[in-house]
Amino acid sequence: EKYVNASDRSRRTLAAESTRRQFVTARDILERLNGSKGLDPCRGILLADDVGLGKTTVAALVAWIVASAGEKRGVRILAPNDVMVRRWDEELRAHVAPLQKCAPFLNVNARRVKVGKVGRLAAGSIQVVKHSYAASDLNLTCDLLIVYEAHRAKGENTAFSVALKRQKKHARRVLILTAT
């Protein structure tokens, strides 16, 4: 409720119940990735649900926490096209003010969001680029790789699937998002 009240209502109105569910999902993902509460750490997690239930919001919260908490790790997000890259940029920035108000210890800052092209990934930064970078010769080294609309990698031998298999070796953890 505090987070909902801290959000910029001119950009979007958050519903307390769905926001609560998204926070619980983000917490569960972080616990599984980190091996909290007696769980073994997971290297990869698949988040699949219907369109419109908040996968992007959940992943943005996870990205901010990974990038901002403790050791300040680097996060890369692969989105399918320029439109989705812009939406991710907007989504990440929409969380800055509420996180600054509700979790000031995270030291969230919009300047940490890097959009458009692959570059050196500084600790605590979140980089959003297109899927096509996965197939490039670049190694997408990061602490967390988030693959948005991963269903585009259908089939073991598609170019995107092969590229993701290669790139996952360079990521400490992977969060895959897809609609069912």
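The chain folds into six helices and six strands, counted as DSSP runs numbered from the N terminus (H or I, at least four residues, for helices; E, at least two, for strands). In sequence order the pattern reads α-α-β-α-β-α-α-β-β-β-α-β. This is a predicted model, so to speak: local features need pLDDT of at least 70, side-chain atom pairs count only at pLDDT 80 or more, and totals for chains, interfaces and linings use all residues. Residues are numbered from 1 along each chain as its sequence is written, and side-chain values use heavy atoms, with hydrogens and water left out.

Now for the inside. Of the chain's 180 residues, 46% count as buried (under 20% relative accessible area with a 1.4 Å probe, protein chains only; exposed is over 50%, partly exposed in between). The largest nonpolar core holds 38 residues, and V75, W88, L92, I146 and L175 touch the most other members. Such a core is a set of buried Ala, Val, Leu, Ile, Met, Phe, Trp, Tyr and Cys residues joined through side-chain atoms within 4.5 Å. Helix α3 (residues 55-68) supplies the largest share of this core, nine residues. A second, separate core has 15 residues, among them L78, V129, A134 and A163.

Then there is H95, which sits in the loop between α4 (82-94) and α5 (96-102). H95 is buried, with a relative accessible area of 1%. Beyond its neighbours within four places in sequence, H95 is in contact (heavy atoms within 4.5 Å) with Y3, R12, T57, A60, L61 and W64.
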